[in-house]
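Hi everyone, thanks for coming. I'd like to walk you through one structure today, so please have a look at it with me.

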Amino acid sequence: MFWEEKIETMQQGDLQALQLERLKKIAADADQAPFYKNLFVKNKFDPSTIRTLDDVRRIPFTTKEDLREAWPYGLLAVPKDELVRMHSSSGTTGRSTVIFHTARDLDAWTDTLCRSMYMTGMRKADVFQNMMTYGLFTGGLGFHYGAERLGALTIPVGAGNSKRQIQLMRDFDTTVLHIIPSYALHLSGVFEELSVDPRRDTRLRIAFLGAEPHSEKTRGRIEEFYGLKAFNSYGLSEMNGPGVAFECQCQAGLHVWEDNFLMEIIDPDTLEPVADGVEGELVLTTLKREGMPVLRYRTKDLTHIIAGPCACGRTHRRIERITGRTDDMLIIKGVNIFPVQIEKKLMEISDVGNNFQIILERKGYNDHMIVRVEVVKELFSGDLKQLESLRKKIMEELRSDILITPRVDLVEPNTLPKTEGKAVRVIDNRTD
Ligand code: ADP
Ligand code: ZN
């Protein structure tokens, strides 16, 4: 049932005692790094004064901009020759940040992935096809070492090359996939093109979906098409990468590995903590990383804590799937919209295909939103009235949710640009 039972089922009180002990150590370690030394002095914070977990709130926040400014070595807390690996973020919102690991850091990271995969039901008899980019991106190597340690045959295929992916799944009886959700949707179109039915022609049973926000509806579509159980995998390179929070078999929120990460949820405006169940920005502190501790990192990801115990028996608290990152938020005609809201609505409509794109334009003082949506092929050969009524329906559905009326364009399958990595959902042509 458990990879590391003792730690995964530790009572919250004991877990908090462990967190406090680690917080004291990590704050003292961080004081060795030029960036934190300076930050602590500036804010008159003395790490030796930490007495309770609440004292974490006296530590100043760290942001992505801080990491960019301290580039490349400003956050190192150990001599450079202790490091064995470098990774970087994807650079979704600007210049990438770099993260360094010692051998022990990699070891701890790998364990969080073993736990995560094991709790979904993956075992050593599984064949694991890792469809994430290898290299600086953390999704590839992070899972790779986890799966090997778990003992599963690991296929390090990396991203892209859809036909080859499908061939590998069939030839080597792949049972577990690690895949970006938007790519999983795209790949389902390739399966159809090849007349391969994953339910009939493969032995897939589990997928790990990570790296980008996706809705419950998208998970449902993927589970339905591939005939497997899909689990949400959350992480960010600043906190190692994957293995920060992961769904268990209950699929009711993601357990945050609290022995490795101290979690806070704050109101992004007031920076005060919010109550359990209230949405806010996730703030994380590495509790174990010796090479490059990062304290109170503002992830910009929005979620809330799900209170109460989980039926799986794990005690580490759960968060809801991420609804978006604050810097993803679109402001159109004064209305705040997250791309995942649009995704969710679209994926509820059965004739909608696997891809969509949001285009923003400005005419005079007016912002316009155009949503381009791939829809099933049959609609283009049949009665065009059907196409028009679907277009109207999508427009209506979106308007009822996002409160503005976008223009909706329907296009044939596989016509919108796709990426092997994180989906690029928004093209903002508005110039300020
Ligand atoms: P970047 O910040 O440049 O995108 P990363 O590759 O480190 O670089 O990506 C981490 C970010 O990806 C997270 O902060 C989050 O916004 C997003 N992300 C990762 N996994 C998930 C997930 N399961 N659900 C929603 N968003 C996710
Ligand atoms: Zn659980």
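Okay, let's start with how the two domains meet: 27 residues of domain 1 touch 20 residues of domain 2, where contact means heavy atoms within 4.5 Å. This is a predicted model, where local features need pLDDT of at least 70, side-chain atom pairs count only at pLDDT 80 or more, and totals for chains, interfaces and linings use all residues. Residues are numbered from 1 along each chain as its sequence is written, chains are lettered from A and ligands numbered from 1 in the order in which they are written, and side-chain values use heavy atoms, with hydrogens and water left out.

Domain 1 covers 1-326 and domain 2 covers 330-428; those bounds come from an automatic or database domain assignment. About 1,800 Å² is buried between domain 1 and domain 2, with carbon and sulfur atoms giving 54% of it. Buried area here is the accessible area (1.4 Å probe) that two parts lose on being put together, summed over both. On the domain 1 side, His186, Lys217 and Arg221 lose the most area to domain 2, together 30% of what that side buries.

Now, the ligand. How many residues surround ligand 1? There are 19, and the closest are Ser90, Gly91, Thr92, Ser233 and Asp301; "near" means a heavy atom within 4 Å.

What about Lys422? One of its polar side-chain atoms sits 2.8 Å from an oxygen atom of ligand 1, a polar contact, meaning a pair of N or O atoms within 3.5 Å. For Ala211, a polar backbone atom is 3.1 Å from a nitrogen atom of ligand 1.

Technical notes
Polar contact = N/O pair within 3.5 Å; in protein donor to acceptor, adjacent residues only side chain to side chain.
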